[in-house]
Amino acid sequence: MRFFNKRKRHEGALGQDDSAAGKPSSGQTFSGNIHRDTDYIKQLYSYPANVDFMVREFTIFGMGRKAALFYIPSLTDAKLVDEDIIRPLITKEMAIQDVPSAVYVSAINAEQEMRKAFQELNTGDTLLLVDGITHAYIMKTAKTAGRNVEKPQNETTLLGPKESFVEKSGENISLIRKKIRSEDFTVEKMTVGARSNNEVFIIYNKELASSRVLAELRERIGCISKDAVQNLSLLIQHIEDRKRSLVPTILQTERPDRAASYIEDGYVVVIMNNSPFAIVAPATFWSFFHSADDHYLRFIYGNFTRLLRIIAIFITLFTSSIYISITNYHVEMFPTDLLLAIAGAREIVPLPAILELFLLEIAFELIREAGIRVPAPIGPTIGIVGALILGQAAVEANVVSPIVVIVVALSGLSSFAINDVNLSYTIRIARFVFLLSAGLAGIFGMVCCFMACVIYLSSIKSFGVPYMAPMTPNYKSSGDTVFRKLLTNERFRPGFTKSKDLTKDTGQNK
Amino acid sequence: MRYPLLLCALILVLTGCWDKKEVEERSYVVAIGMDLPKGIDIEKEQAVDVTFQFSNPKLNVKGASATEGSERKDVVTLTAPDIVTARNMANSFVTREISYSHNKVLIVSEDLAKKEIFYRLLSTAIKDREIRRETNLIVTKGKASEFISKNKPELLVRPHRYYQFLIDRAAETGLVPESTLNRFFAITDGDADLFLAIYGASNQEEAGFRDEDQYKAGQVPKTGGNPVLMIGSAVFKEGKMIGTLTGEETRITRLLDNTENTRDLFSSFQDPLDKRYKIAVRIKKTNRTKVKIKLRNGPPKIDVTYPIEIKILSVPSLINYADDMKKQKQLKAALEQKLKENAENLIKKTQKKFKTEPFYWSLYARPLFSTVKEYEEWDWNNKRYPYADINIKMDLNITGFGKQFKESDIEKVLD
């Protein structure tokens, strides 16, 4: 690592030699002399060697001054620059008092400090220097290529809105904002990555969000000392509570409606460019367990899906380990018929039950992993070859017993009912730990393992909020944990977010 | 990272250690038989003939033949000091570890059950971890080994299912008592009541025709089917068998005893208006039997209220009971009379012959004393019950007359 660092530093030095212009130090301002500033900027951006940089020099007749326009064509709406900036400045015959009154673009502001001006320029804005003026004009002309708003891929719902976040933060913010039409909705911008200057947007409701969580979040983002943090998936790993832990402590969601409802509950949402999702902090176990549909479906239907999901979690965690502990240690727990069926099937199987199960569980995980990576056109093959043929052949060849195939298929299938990607990984990996403890000490081992899990879960925190809250420790909340209440009875925001306004009912606020 | 790896390694090393045993490495016994050993004086030396019936998991394997030859290989008999050590002795010719954990029944020959050693032999069963307390105790008329080997269930392949279904169904019809080991130990250690065990037989004997529940095992007139049958009960007092009860007596016991219940009790009674025919009824106990024991200077007074619900199933005399309140009253009185008589006869029999009762009524005597010592000195078992003054009050209701109320008009039919 040290070797690379050295090399990087060395290259940096080279680059400086080429351009013969050092990076602007903080606080360095524009000189007002257009030739000096233009030359400096040209050198900084390696113009004309750098093709993706435009300089347009002209004279503003209305002011009788020279001017220079800088922009990055790949990030800028060229038509906007032509029509709304250059044309009025060149063609206007009347005297121009000040630049903002002469151009047509909506957002324009003056910036004295060079470093900040270049940051804006790097995001696709246009920089205008006018001779004799000691600040630059920055005009919002950014336009990047990207896809349109599409349907959510991972968090599908039956009755919820069908739009998901895209890679452009501006659009993402608008997707959230259109659900919360309030002046309290606040978007803060931070920059991370010393070299690539990635923008991070912190979104919250200033009347509801906890100042402690906000301060903590700002501090953690501010502490990142990396040259580049390209997107949210990477950002999470810099700011989460326990980086080595099996359980996730920051929620990722690709649904703007979910992000909006978290903001309304006093959580803080973070968005970045290039990430088609938002992150929510703090996150509890329940935010991973819940899905958007739980509240969009009617009370009973929603709770029914919750019930199915919690059953699915337990089946995924425990079926294989229970099978192992009962067959190896507690045969008396089986009904006699089932026992004889298993014993008969195992009669000609060569492996001990635990190895048999490990083998199949790993095979299933392989199929699953391959299913994600496989190119779409040959996707169905994985299912057919992997699951059907392999399973069938393994049983026919007496390598594994059919009951083990059932056990593994059941736990595998149930793991698909867990809606959150991170939680799904947690449970799938934890399953192997349970399998191991069941193989070592039967149900006794499983109980020990389960207790350790419960103790661990109730000990960890996400941004100062206990992970199992509001179940334990108990907070004032709407009790939205395993099951949810009627919407009319969900009166409180979760107390653990330390929201400034605890009640959700309008009547009680007044 | 070191610890998970270590644990993984441990699994490979330790597989096969401790208690861990794969399911196919055991043989599952479904029935244990106990007989008096031949040629050994049981008074001088402890020994017992133990018979095992194994379950055959091979039935499940595709391509493996489930049928055996003429000789039954899944039943073995050996002479051992007791049933626990017999397990290891059997391993001289059975290759797998023998497991009692799925044993359904313990079958004991009448000869052995009448010996004092029987309770001593059985008490080892409490200590063994694998023997289930819900194992049923069956006493057979002949040899237990014969009972097991003759038993060829006609509709069921798996022997454990045979025992399970047979016992479940027999308990529903009330022809045999509830006789788990747990109850056996509880009653015997309580030292006050009689324990009833299921009475079975594998040999048929002539007994003539009687009412449907007045048989004992071996006497039911039948042809074909499985030679093994169970009806009635063997009576145990203080861990030793002292007599038998017929199916009918067992049914009455179950009705009088609140700790057991019966669901599907079909019985027949003489038609009070036409003595040639028998009315078939379904008897149901609706409430708990009320037992009130009054302590007196002399023998105690016991008042028993016996609540019964009756549904008429068939009236071969074709007398129209459903329409006629008067006839109904007559019928009710006759049924009450008969049921009361039966119960009284049974109680008299237990008072005189067994000197204590099989109804678990000591439960109602115990709360009358403030200390155990007083209760034990009072001595329900031998001193009180045999001389007690027992009053039975019937609480009988006829609740139904079958799917069709009206009987067909016999005169028109025969016309």
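1. A quick definition to start: a salt bridge here is a side-chain nitrogen of Lys or Arg within 4 Å of a carboxyl oxygen of Asp or Glu. Asp294(A) and Arg309(A) make one through their side chains, at 2.9 Å from N to O. Asp294(A) sits in helix α10 (residues 293-296) and Arg309(A) in helix α11 (residues 299-328) of chain A, so the pair ties together parts 15 residues apart in sequence. Helices (H or I, at least four residues) and strands (E, at least two) are DSSP runs, numbered from the N terminus.

2. Before going on, note that this is a predicted model, where local features need pLDDT of at least 70 and side-chain atom pairs count only at pLDDT 80 or more, while totals for chains, interfaces and linings use all residues. Residues are numbered from 1 along each chain as its sequence is written, chains are lettered from A in the order written, and side-chain values use heavy atoms, without hydrogens and water.

3. Back to that pair: buried or exposed? Asp294(A) is buried, at 0% relative accessible area, and Arg309(A) is buried too, at 7%. (Buried means under 20%, exposed over 50%, partly exposed in between, with a 1.4 Å probe and protein chains only.)

4. Also in chain A, Arg195(A) bridges to Asp227(A), with the closest N and O atoms 3.4 Å apart. Arg195(A) is in the loop between β6 (185-192) and β7 (198-205), and Asp227(A) in the loop between α6 (211-222) and α7 (232-239), so this link joins parts 32 residues apart in sequence. Arg195(A) is exposed at 56%; Asp227(A) is partly exposed at 32%.

5. Over in chain B, Lys21(B), Arg26(B), Arg87(B), Glu97(B), Asp128(B) and Glu130(B) form a network of salt bridges.
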